[in-house]
Every structure is written in C-alpha cells, then in structure tokens.
Amino acid sequence: MRIGEPARATGACARALRHYEQAGLISSERAANGYRVYDERAVVRVRDIRCLLDAGLTLDDVRFFLPCLDGDLAAAPPSGRGLRVALDRLAVLNARIAAQTAARDRLREALRERTGDRGSPVGCRVAADPYSCADA
C-alpha cells in the first residue's frame with residue numbers, strides 16, 4: 001500500500017510515517033515509480049508506535065520496544081526492560097513537571113507581591129528592556 005493508506009488507517013500523517021522510517025522504526029519498499037510501499041504490518045507497527053508516543057515516551061524510547069511493535073502491544077505483558085524505559089521516562093516527566101510547577105509558583109508569587117494580589121501588574125510600563133518593569 002502507498003503511504004496514504006497506512007496514514008489514514010492509523011491517523012498518522014505521511015510526514016510522521018517518513019519520520020518513523022527515518023528513525024528505523026518502520027520500513028518500506030520502493031515501487032518502480034519511486035513511491036514508498038508499505039505492507040500490512042506497518043499499520044500495526046505505526047499504531048503501536050503512536051500508542052507509546054501518546055503514553056509519553058519518545059522515539060528513542062520506542063526503539064527499546066522494536067521487538068514488540070508487530071503485535072498487540074497493549075495486550076502483551078510488559079518486559080522488565082520496557083518497564084525500566086517507561087519508569088525512566090516517568091521520572092524525567094515528573095522532574096520537568098516539578099520544575100515547571102516551581103517556575104509557575106515563583107511567577108505567581110512575584111505577581112502577587114507586585115500587584116497586591118489583583119492579578120495584573122500595577123505601575124508597569126514598557127521600558128527599553130521589555131523584560132523589566134519600572135514604576136510609571
């Protein structure tokens with residue numbers, strides 16, 4: 001099947017399929033006219049890739065699951081290696097969330113101190129440095 005068929009069947013765009021192929025996660029043959037031609041296994045593989053990506057894993061993480069991508073990934077029992085990859089990614093996501101939460105809290109507190117908790121900066125004007133606030 002040409003690239004549009006697995007794209008439609010999986011909800012992935014053709015660009016994503018080319019990206020997955022470039023990353024070594026799926027493969028295709030070339031027709032005489034140069035078009036990519038995929039077999040039916042590509043649909044299952046792309047669905048599994050998208051499932052892992054939707055769960056928060058990266059394409060680099062997905063590579064660890066290559067041996068499992070041709071079956072029903074969601075129904076398969078998790079491997080020890082797969083669990084380690086997922087737990088490592090979860091730790092990275094938790095650290096990012098904590099950092100973003102801390103940044104949000106610092107910004108909220110700085111605004112609260114400047115605004116008297118009214119929600120918008122008081123006395124700020126646009127200065128030569130757009131990142132500084134100066135009392136008007």
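This is a tutorial dialogue on reading a predicted model of one protein chain.

Me: Where do I begin with a model like this? Which elements does the chain contain, and in what order do they run?

Reply: Happy to walk through it with you. The model is predicted, and its chain has five helices and four strands. Starting at the N terminus, the order is α-α-β-β-α-α-α-β-β.

Me: How much of the chain is buried?

Reply: The chain has 136 residues, and 24% of them count as buried. Its accessible surface is about 9400 Å², with 55% of that belonging to carbon and sulfur atoms. As for contacts, take those between residues at least 6 apart in sequence: 44% of them join residues at least 24 apart.

Me: Next, the core. Which residues touch the most other members of the largest nonpolar core?

Reply: The general idea comes first. In soluble globular proteins, nonpolar side chains tend to be buried together. Here the largest nonpolar core has 23 residues, and L17, Y20 and I49 are the ones that touch the most other members. Helix 2 (14-22), helix 3 (41-54) and helix 4 (59-62) each give this core at least two residues. Helix 3 provides the largest share, five residues.

Me: Let me pick one of those and click on it. What does Y20 touch beyond its sequence neighbours?

Reply: With residues up to four places away in sequence set aside, Y20 touches L25, I26, V46, I49, R50, L53 and L59. Notice that I49, another of the residues touching the most other core members, is on that list.

Me: How do I read a helix that packs against its surroundings? Which residues of helix 2 are buried?

Reply: In helix 2, A16, L17, Y20 and E21 are buried. These residues lie on the same side of helix 2, because they cover an arc of only 140° around the axis. On the face turned away from that buried side you will find the exposed residues R15 and Q22.

Me: And what covers the buried residues of helix 2?

Reply: The cover includes helix 1 (4-10), strand 2 (36-37), helix 3 and helix 4. While you are looking there, go just past the end of helix 2: G24 takes a positive phi of about 80°.

Me: What about the start of the chain? Where is I3 found, and what is in contact with it?

Reply: I3 sits in the segment before helix 1. Apart from neighbours within four places in sequence, I3 is in contact with A14, L17, R18, R36 and Y38. Two of these, A14 and L17, fall within helix 2 (14-22). For R18, the C-alpha atom is 8.7 Å from that of I3, although 15 residues separate the two along the chain.

Me: Let's turn to charges. How many salt bridges are found in the whole structure?

Reply: Again, the general idea first. Side chains of opposite charge can pair when their charged atoms come close. A search of the whole structure finds eight salt bridges. One of them joins the side chains of R41 and D39, at 2.7 Å from N to O. R41 is exposed at 56% relative accessibility, while D39 is partly exposed at 36%.

Notes. Residues numbered from 1 in each chain as written. Predicted model: local features only at pLDDT ≥ 70, side-chain atom pairs only at ≥ 80, totals over all residues. Heavy atoms only, no water. Buried < 20%, exposed > 50% of the residue type's maximum accessible area, 1.4 Å probe, protein only. Contact = heavy atoms within 4.5 Å. Areas by Shrake-Rupley, 256 points an atom, 1.4 Å probe, with all protein chains shown as cover. Core = buried A, V, L, I, M, F, W, Y, C linked by side-chain atoms within 4.5 Å. Arc of directions from axis to C-beta. Salt bridge = Lys/Arg side-chain N within 4 Å of Asp/Glu carboxyl O.
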